[in-house]
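Open the model in your viewer and keep the selection tool at hand. This tour goes stop by stop.

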6 protein chains.
Amino acid sequence: MAGAALSTDEGPKVPYYRPIHREVEVFDHAFRNQLALMIKGPTGCGKSRFVEAMAATVERPLVTVACHDDTSATDLLGRYLVQGGDTVWQDGPLTRAVRQGAILYLDEIVEAREDVVVVLHSLTDHRRQIFLDRLNETLTAPPEFMLAISFNPGYQRGFKELKPSTRQRFVGLSFQYPEPAVEAEIVAQESGVEPAMARRLVTFVTKARNLEEFGLNATASTRLLAHAGRLIRTGMPARLACRVGVIEPLTDDADIRAALQDTADLIL
Amino acid sequence: MAGAALSTDEGPKVPYYRPIHREVEVFDHAFRNQLALMIKGPTGCGKSRFVEAMAATVERPLVTVACHDDTSATDLLGRYLVQGGDTVWQDGPLTRAVRQGAILYLDEIVEAREDVVVVLHSLTDHRRQIFLDRLNETLTAPPEFMLAISFNPGYQRGFKELKPSTRQRFVGLSFQYPEPAVEAEIVAQESGVEPAMARRLVTFVTKARNLEEFGLNATASTRLLAHAGRLIRTGMPARLACRVGVIEPLTDDADIRAALQDTADLIL
Amino acid sequence: MAGAALSTDEGPKVPYYRPIHREVEVFDHAFRNQLALMIKGPTGCGKSRFVEAMAATVERPLVTVACHDDTSATDLLGRYLVQGGDTVWQDGPLTRAVRQGAILYLDEIVEAREDVVVVLHSLTDHRRQIFLDRLNETLTAPPEFMLAISFNPGYQRGFKELKPSTRQRFVGLSFQYPEPAVEAEIVAQESGVEPAMARRLVTFVTKARNLEEFGLNATASTRLLAHAGRLIRTGMPARLACRVGVIEPLTDDADIRAALQDTADLIL
Amino acid sequence: MAGAALSTDEGPKVPYYRPIHREVEVFDHAFRNQLALMIKGPTGCGKSRFVEAMAATVERPLVTVACHDDTSATDLLGRYLVQGGDTVWQDGPLTRAVRQGAILYLDEIVEAREDVVVVLHSLTDHRRQIFLDRLNETLTAPPEFMLAISFNPGYQRGFKELKPSTRQRFVGLSFQYPEPAVEAEIVAQESGVEPAMARRLVTFVTKARNLEEFGLNATASTRLLAHAGRLIRTGMPARLACRVGVIEPLTDDADIRAALQDTADLIL
Amino acid sequence: MAGAALSTDEGPKVPYYRPIHREVEVFDHAFRNQLALMIKGPTGCGKSRFVEAMAATVERPLVTVACHDDTSATDLLGRYLVQGGDTVWQDGPLTRAVRQGAILYLDEIVEAREDVVVVLHSLTDHRRQIFLDRLNETLTAPPEFMLAISFNPGYQRGFKELKPSTRQRFVGLSFQYPEPAVEAEIVAQESGVEPAMARRLVTFVTKARNLEEFGLNATASTRLLAHAGRLIRTGMPARLACRVGVIEPLTDDADIRAALQDTADLIL
Amino acid sequence: MAGAALSTDEGPKVPYYRPIHREVEVFDHAFRNQLALMIKGPTGCGKSRFVEAMAATVERPLVTVACHDDTSATDLLGRYLVQGGDTVWQDGPLTRAVRQGAILYLDEIVEAREDVVVVLHSLTDHRRQIFLDRLNETLTAPPEFMLAISFNPGYQRGFKELKPSTRQRFVGLSFQYPEPAVEAEIVAQESGVEPAMARRLVTFVTKARNLEEFGLNATASTRLLAHAGRLIRTGMPARLACRVGVIEPLTDDADIRAALQDTADLIL
């Protein structure tokens, strides 16, 4: 698998994924060593899509959980539900993933409540177990089960963080936005615009990302370019598509929006 | 649809809406591309009415949720209710909207709890899915389903904000109060006052909006002018209507109210 | 109705209310236009009594809710109660008021939880609806339904406030304490003391209200004067009645109480 | 009743109470006028005992609630209890007191949650009603029902306070510790020590109360003297009784305790 | 009983307790006068053991509750439990203690929630009652019931405190660590080490307690010495026993531990 | 047992553990004296593995609980569960451990809620008991039951701490990372890499740990080296293995990662 492009003829289940550096090789080794994987990177840089592609490649089901600040251990492990008078146990996504030997992907893990993180501890050391106290049952993960987590280290840095005792249970990968040529290839593929237009969109966003004096608390993601591309493909003028597809989602500041629009108007 | 006035003869279901700029065109492209829409703008500038008009135009039902700081994912997705001894599942508004292929409008989304926002993630990327864990059911949105959200970026700016990873899932539109002539047209239409009186009310509110030294934390909305117009139409003196319909709702500060009343007395 | 004194011979249901300015006229127009009403004013100035009188005048039942910081939307809308094994839906006061076409009066609305305020939104725009999610039922208010809210803008100003997007859904009225002659008339009526004693009580309280250097966080209400009046009518010496009926309820500060008692002793 | 000593021969139900000033007269007028009473004063100065004595005098049952920061409206009004499979409504103390026409005494009302305070509003104006939403029942208080509340204005002043809109519904009384001769009489009566020893205990505590430089956040109550008296009566040396009965309960500061013990040793 | 050593031949139920000052006499008088007792003192100085010994001496059962910041009135009073389909009332420890006429000992009372403290009010004045609202039952404590509470005034002083209105319901006792000779006697008795070794351990800990510059937020308790003694008795070298039995539990600061170990090495 | 290497031929149940100093001797004495054990040390230094090895050596089952900030006494003691209509009591891990005479290991105890800590009090003094209030049952721990707790004193020092009254109930042990030769032995054993590579990995991490100016809030654990070793054993280049196995898990700071990578590149 290592290094090969993942968008092959293997059928509809492997989504388009364009490898950037050595992330496929790292996933492959972590998977073979039954080590958990921690993926860091800015919003919309392709972390989720990478995990989707890897799960398809190793032919394991993918279970994704988008964590938020009320995500609790119970949400992940399961609970008894009262349904029509009967009390029925329902596996949570983590339990389901362990039983199936799936890839479990916890997106934005730093948002979750701390009891979620602690549940992962026995799953990420030599035990590879979870204890379902409500069922009084200990589940051991099969070799093909893998845990992957992700977060954006540049967002609210220092506020919410994984504790060292959690971090040091993972192999780590840092994602960045791809090089312009690669990004243009992705935008064209995902939106259907002409390669020339995709390159112009990337030229615009690259300029925008470099304007650090803007004081934006986020940079424009590849996803935004794909949105603009799709609007252009259905006939929207490129400058308007850039405004509503990229600039408005990026910021509410009128001055920054004007500056970005000027930049867009020059290039498009 | 693009550019045409929406208040047509198509029947009573399409409400009065006066397009201001290119917002109809943007909605149209977003709808066709199955992209979610984020509408920003001050209070009472017509965001909700715009969505209502668009839903009528594309002939989809509209499901509106006014978010507040206890709005949770469960509120949107649904819950089991105990009714007369039986336990019955009840779809929340989001689930209902997805099943019906409706336009789902989340007003003041920034007020909602963060678990609401996270639920929207899988609905606003290529998956277009929600997972109902209580039913163990995954729903995929039909092509005609569309999500629209709104918020007022000028209110408590910087306090409560959508995370970049959420914002960058939307196409964005900024609303402003309309030009005086357009606003007078709207006021006359909504309140039934004479055009001349509507213009005088707009003259008053335009002056008030420009008096930035007032330190008001809000500007007078078009809705307030329509209220004043309705009071005038039933016979209330214009100056009193301006006081109770516009000035009192705007502020509790006695000095500012006096200054605004002076301005109103001059014009009306 | 407009302008006429409300304490007529129509029977025992119309309580004594002495109009101060043009508040009756404003209520009348708001009611006829199906606009909601926001009443601002200090404690004990007659806001609640005004609403009571207006409800009697327009011959609608009055439903009053004193809001506090745990008042929730569920409290207003209704809930399922388990009663004797059965689960029974019980309308909350808001739902009851909408069904009956009553005047719904939310006293001290700024204290309520924010979900209460949001429920009012669909009720105070052109929709005039509430959605009872537990019953999956949408109720449209009949024309005779009216919502009135009140708060004291001088108490903890700036701390808890209605959002502009809520305020701008209401017609506004500011109440103040009445002129001395009017206030004496009210005190005599409500307590049964002689007009001369009522005037002396008002003279005292007017002086007290003007002593702004006292740093009181409230001013003496007309209600306090009526209390003192009632104590005097049953034989309590006027100075003692002033102390326990007006001064002690006003403040715990020993120095201010002494100064107020001196003032009272001079006048009474 | 007014002015007479309350510790009469009427039987064992009227507890010992020694009137200090005109509080009995004020209670009497408030009771006859159906006005609620607010009693302020330091800890252990006899507020609760006063209410007990007044309730016995007017021959009404007394219902006492010691409020704390989790006391809620439900605690006072009542709730449905599940008992042996059945659901039974149980009146709370406030409801019970209204039904019985009792004296309801809410001790340390400022500690209670705000929903408690709001429940009192309709009970303390001309309506004299409470609404039991769970029973959908409105109770009107009989004329013999009376509400009395108490708090200590010197403790944490400015932190937790009744709102003016609540305070101005009550007639107010301020309690202080009694004059030395009266206090000695009370101590002798309550503890059984000889009058001479009671006077010496009061001499000690009067000195201690005047030592304001101690920075104590409370002053020694009459109750503490009665405790010391009881310990002396069973044979404990007076200085030790003063230490464990008065000084240790007053403060944990070693220096202040030593100074107070020196004072006690001189006098006793 | 007064003054006599409590470790008598009365059988196994009276635990070893070595009186330090006059605490036995104070307990005796408080018990006879039906007054509640407040015991203050640092951790591990023998407060709990004193209460245990006193309960055995007066031949009453002892009910101990270690309070924490979630201890609520319900925890102390009792609750309905659903057990096997039936709803069964279960007395809490306070209720049980009142019914049995036991000694109720609330350890670290300042940690408990405020509703716990308020429940104690009616139990600690002339009423000696608790009201079980769920059972609608008032319990009066028998004469042999006694309440004792304890806290450590030196720990987080000023942060969490009993209110004066609570403190002044108790007779107070201050505990300190015993004199060296007495402490050595206790250590030898509790651990089984030779008296000479017990004296050396006390010499060490006395030095450590005097080293105030260490900035420790606690001093070494007699309990720690007993632990070290037990480790020595089973053969652990004295210096290692001092490190793991006394120094490590005392602090995590490496420098302070080194200084304390040096002190220990010199003495042992 | 004392001093001997624990990785013997006794069967598969005794895990690999390499004693560092005298910790085995301390455990042995604490176990024989029925004293509880407190283990302090940085993340990934082998605390959990030590307890696992000790439990196997004394042939007692091990019950491990990873504490987090919602871990409550109920979680540890047990609860009634509704299962298929029946209500069934389920022992929590603490209760189970006491019944079995197991070793109970509470990892990261300082994270748990305070009610957990209080439950441990009666278990860690001469009583060795827990009271199950829901079952109205007192359990006395058998002699072979032992409690061990752990925490990392270097993480968020001063923020969350055990109270002195809790700490002083334990015998204490401080763990550090092992000496380089010992650590290399452990890494080789756990990962399967050649001893030479293990030594180079330890050389790298020792340098990294000494670079205090990095301002890292954690140091690299032995576990991270074992991860890197495993990746190398399956063919990943050593420098990449060091990056994804050690450096990325350690920090998100780009500059520190670059410096650490430079160090790794020099050594590997």
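This is a predicted model: local features need pLDDT of at least 70, side-chain atom pairs count only at pLDDT 80 or more; totals for chains, interfaces and linings use all residues.

**Stop 1: two pairs of chains**

Select chain E and chain F. What rotation superposes chain E on chain F? A rotation of 60 degrees does it, with 0.1 Å of shift along the axis. The RMSD is 0.1 Å. The two copies are thus related as by a six-fold rotation axis. Now select chain C and chain B. Chain C is superposed on chain B by a rotation of 60 degrees, with 0.0 Å of shift along its axis. Here the RMSD is 0.0 Å.

**Stop 2: two helices that cross in chain E**

Stay with chain E. Select helix 8, residues 195-210, and helix 9, residues 222-233. Two packed helices are described by the angle between their axes and the distance between the axes. In chain E, the axes of helix 8 and helix 9 come within 10 Å. They cross at roughly 140 degrees. That angle makes helix 8 of chain E oblique to helix 9 of chain E. The crossing of helix 8 and helix 9 in chain E is right-handed.

Which residues make the contact? Show the side chains on both helices:

- From helix 8 of chain E: Met197(E), Leu201(E), Val202(E), Val205(E) and Arg209(E).
- From helix 9 of chain E: Thr222(E), Leu225(E), Ala228(E), Gly229(E) and Ile232(E).

**Stop 3: Gln261(E)**

Move along chain E to helix 11, residues 254-267, and pick Gln261(E) there. Is Gln261(E) buried or exposed? Gln261(E) is buried, because its relative accessible area is 15%, under the 20% cut-off. Leave aside its neighbours within four places in sequence, and Gln261(E) is in contact with Arg239(E), Arg243(E) and Ile247(E).

**Stop 4: helix 5 of chain B**

Switch to chain B. Select helix 5, residues 114-121. How many of its eight residues are buried? Seven are, so this helix is mostly covered. Colour the buried ones: Asp115(B), Val116(B), Val117(B), Val118(B), Val119(B), Leu120(B) and His121(B).

**Stop 5: the cysteines**

How many disulfides does the structure hold? Over all chains, the count is zero. The cut-off for a disulfide is 2.5 Å. Cys45(B) is buried, with a relative accessible area of 11%. Next, select Cys242(B). Cys242(B) also counts as buried, because its relative accessibility is 0%.

**Stop 6: Pro42(B)**

Find the loop between strand 1 (36-40) and helix 2 (47-57) of chain B; Pro42(B) sits there. Pro42(B) is buried, at 15% relative accessible area. What does Pro42(B) touch, leaving aside neighbours within four places in sequence? Its contacts are Lys47(B), Asn152(B), Phe175(B), Gln176(B) and Tyr177(B).

**Stop 7: Ala196(B)**

End in helix 8 of chain B, residues 195-210, at Ala196(B). Ala196(B) counts as partly exposed, because its relative accessibility is 38%. Last, draw a line to Ala184(B), twelve residues apart from Ala196(B) along the chain. Their C-alpha atoms are separated by 8.6 Å.

Conventions:
Residues are numbered from 1 along each chain as its sequence is written. Chains are lettered from A and ligands numbered from 1 in the order in which they are written. Side-chain values use heavy atoms; hydrogens and water are left out. Buried means under 20% relative accessible area, exposed over 50%, partly exposed in between (1.4 Å probe, protein chains only). Helices (H or I, at least four residues) and strands (E, at least two) are DSSP runs, numbered from the N terminus. Copies are superposed by least squares on the C-alpha atoms of residues with pLDDT of at least 70 in both. Axes are lines fitted to C-alpha atoms, for helices over the stretch in contact, and angles run from 0 to 180 degrees between N-to-C directions. Angles under 35 degrees count as roughly parallel, over 145 as roughly antiparallel, 65 to 115 as roughly perpendicular and the rest as oblique. A crossing is left-handed if the near helix is turned anticlockwise from the far one by less than a right angle, and right-handed if clockwise. Contact means heavy atoms within 4.5 Å.
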